[in-house]
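Hello,

Here is the structure I promised to hand over. Please have a look, then read my notes below.

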Amino acid sequence: MASNQECLLENGTSSEEEVHHGRTARQLSASALRKKSDPALPNSVQNGHLREWLVNLQVVLLGTKLSVLLPTIPLSIFAVYYGFGKPWIFTLSLLALTLLAERISFLTEQISYFTGPTVGGLLNATFGNATELIIAISALSQGKVALLKYSLLGSVLSNLLLVLGTSLFCGGLANLRREQKFERRQANVNSLLLLLGTFCHTLPMLLQYAGNSAATKDQTLQFSRAISILMLLSYIAFMFFQLWTHRGFFELQQVPEVDGDEDVEEVAEIGFWSGFAWLFAVTAITALLSEYVVGTIEDASKSWGLSFSFLSLILVPILGNAAEHAGSIIFAFKNKLDISLGVSLGSATQVAMFVVPCCVVVAWIMGINMDLNFGLIETVSLALAVITTAFALQDGTSHYVKGLVLIFCYIVIGICFFVFETPVDQTAST
């Protein structure tokens with residue numbers, strides 16, 4: 001206990017503050033946009049089962065400030081059924097996914113109240129990037145490997161540069177007279193995993209310059225599949241490190257509710273089995289709308305005059321994780337940088353070291369040739385983003401200039417892919 005207190009003091013945290021064992025940084029971040037719903041109407045129902053169902057319905061559908069996007073879910077299905085323009089379907093489905101991604105995070109958190117922090121952490125590792133994984137599987141099923149690669153790369157870049165940069169920038173401006181510190185060891189571990197991911201992306205890309213024969217392409221594919229398995233093993237080792245052997249590196253300060261000044265005892269709002277049922281339903285709807293997004297993004301690109309690479313690498317990742325990104329910035333304002341870093345670095349690490357290699361393995365099983373060669377510009381952008389972020393976080397302190405630099409790096413990459421045209425018919429060869 002003493003060593004843990006010394007660690008907190010070293011990183012600018014009072015030893016009197018409690019450590020939050022039950023919720024991850026991403027769950028805390030997403031909770032910033034949640035709101036309490038009034039249970040008066042459901043409680044007036046006499047039938048117990050019906051009353052419980054209405055309470056759950058109200059909590060799941062209206063328990064977030066993003067509930068204003070709720071109409072986009074039926075509107076998306078309506079637009080497909082009645083043959084609306086594909087750009088409309090793409091826009092409505094993408095906005096609906098913004099709400100559904102936050103609700104998946106909420107339902108995972110509700111289940112974790114019953115399972116404990118360790119199993120809850122594993123659930124978060126599984127469903128933390130559920131939207132990206134579902135979109136990826138949908139893209140694979142349609143043979144759109146180019147879209148898949150761009151959306152995954154965009155998720156990593158947006159977390160490392162845009163989300164983290166905006167959090168550091170806003171937090172620095174809100175705490176100009178107060179030095180902001182964070183748990184440096186957590187940032188170092190995540191940065192090390194991201195550097196490993198960059199290493200695994202760079203070598204397959206360089207193989208194409210070692211020869212120009214068809215054999216080289218096949219070697220790149222086999223090499224990518226082999227190191228994808230190693231990446232998955234390294235992520236499993238990271239989860240064991242995070243949840244068991246070195247949990248103290250990742251434990252968070254107890255923080256008050258966003259809309260209140262006092263700590264509130266946290267309890268589950270819905271039951272265990274109800275949470276699983278709702279999680280299954282929301283995931284199924286997410287899968288349906290992901291099919292719409294993947295199937296219409298090319299038409300939206302042509303209709304709007306925007307490059308396919310810009311839409312899939314910039315727009316889709318930003319909206320897909322808008323809820324937890326906004327929460328990350330809110331907690332940076334409150335000088336809770338450990339939560340902001342847990343969201344940005346944790347999400348980037350999960351996508352780079354779990355979702356990407358998982359997609360390669362799934363594509364392998366499906367008979368689709370997907371490798372880790374994302375292209376020269378794409379791989380260099382990833383490497384520079386990881387190196388810049390690791391350099392910015394190396395001293396365990398933050399100020400607004402660091403955030404501004406990361407934001408500018410993201411803008412430069414965004415401009416690059418705005419003018420960089422990618423053929424939309426790049427598909428995997430079976």
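Helices H10 and H15 are roughly parallel to each other. One point before I go on: this is a predicted model. The axes of H10 (residues 184-207) and H15 (residues 337-366) cross at roughly 25°, and an angle under 35 degrees counts as roughly parallel. The two axes come within 10 Å. The crossing of this pair is left-handed. On the H10 side, the contact is made by Gln186, Ala187, Asn190, Leu193, Leu194, Leu196, Gly197 and His201. H15 brings Asp338, Leu341, Gly342, Leu345, Gly346, Ala348, Thr349, Ala352, Met353 and Val356. By type, the residues of the contact of H10 with H15 are 10 nonpolar, 7 polar and 1 charged.

Asn335 sits in the loop between helix H14 (322-333) and H15. Its phi is near 65°, a positive value in a residue other than glycine. Most residues other than glycine have a negative phi. Asn335 counts as buried, because its relative accessibility is 16% and the cut-off for buried is under 20%.

Now the chain as a whole. The protein chain has 17 helices and 4 strands. Of its 430 residues, 53% are buried. Take the contacts in the chain with a separation of 6 or more: residues 24 or more positions apart account for 84% of them.

Next, H9 and H13. Helix H9 (residues 145-174) packs against helix H13 (residues 308-320) at an angle of about 50°. Their axes are 8 Å apart. That angle makes H9 oblique to H13. The H9 and H13 crossing is right-handed. From H9, the residues in contact are Ala146, Leu147, Tyr150, Ser151, Leu153, Gly154, Ser155, Leu157, Ser158 and Leu162. They meet Phe308, Ser309, Ser312, Leu313, Pro317 and Ile318 in H13. The residues of this contact divide into 10 nonpolar, 6 polar and no charged.

H9 also holds Leu161. Leu161 is buried, with a relative accessible area of 0%. What does Leu161 touch, not counting residues up to four places away in sequence? The list is Thr166, Ala385, Thr389, Leu406, Ile407, Cys409, Tyr410 and Ile413. Consider Ala385: Leu161 and Ala385 are 224 residues apart in sequence, yet 6.9 Å apart in space, C-alpha to C-alpha.

Helix H5 (residues 72-81) and H6 pack at an angle of about 150°, with axes 8 Å apart. H5 and H6 are therefore roughly antiparallel to each other. Their crossing is left-handed. Thr72, Ile73, Leu75, Ser76, Ala79 and Val80 in H5 meet Ile89, Leu92, Ser93, Leu95, Ala96, Leu99 and Leu100 in H6. The contact of H5 with H6 has 10 nonpolar residues, 3 polar and no charged.

Last, the aromatic rings. How many aromatic pairs does a search of the whole structure find? The search finds 12. One of them joins Phe90 and Trp304. Their ring centres are 5.7 Å apart and their planes lie at 65°, so this pair is edge-to-face. Phe90 is in helix H6 (residues 86-115) and Trp304 in helix H12 (residues 272-304). The pair links distant parts of the chain, 214 residues apart. Phe90 is buried, at a relative accessible area of 0%. Trp304 counts as partly exposed, at 35% relative accessibility.

Tyr150 and Phe417 form an aromatic pair too, again edge-to-face: 5.9 Å centre to centre, with 80° between the planes. Tyr150 lies in helix H9 and Phe417 in helix H17 (residues 400-419), so the pair ties together parts that are 267 residues apart in sequence. Tyr150 is buried, with a relative accessible area of 6%. Phe417 is buried as well, at 0%. Tyr150 also belongs to the H9 side of the contact with H13.

Finally, a cluster: ring pairs link Phe78, Tyr81, Tyr82 and Phe84.

Best wishes

Key
Residues numbered from 1 in each chain as written. Predicted model: local features only at pLDDT ≥ 70, side-chain atom pairs only at ≥ 80, totals over all residues. Heavy atoms only, no water. Axes fitted to C-alpha atoms, helices over the stretch in contact; angles between N-to-C directions. Helix = DSSP H or I, 4+ residues; strand = E, 2+ residues; numbered from the N terminus. Parallel < 35°, antiparallel > 145°, perpendicular 65-115°, else oblique. Left-handed = near helix turned anticlockwise from the far one by under 90°. Contact = heavy atoms within 4.5 Å. Nonpolar A, V, L, I, M, F, W, Y, C, P; charged D, E, K, R; others polar. Phe/Tyr/Trp six-rings, centres within 6.5 Å; stacked < 30°, edge-to-face > 60°. Buried < 20%, exposed > 50% of the residue type's maximum accessible area, 1.4 Å probe, protein only.
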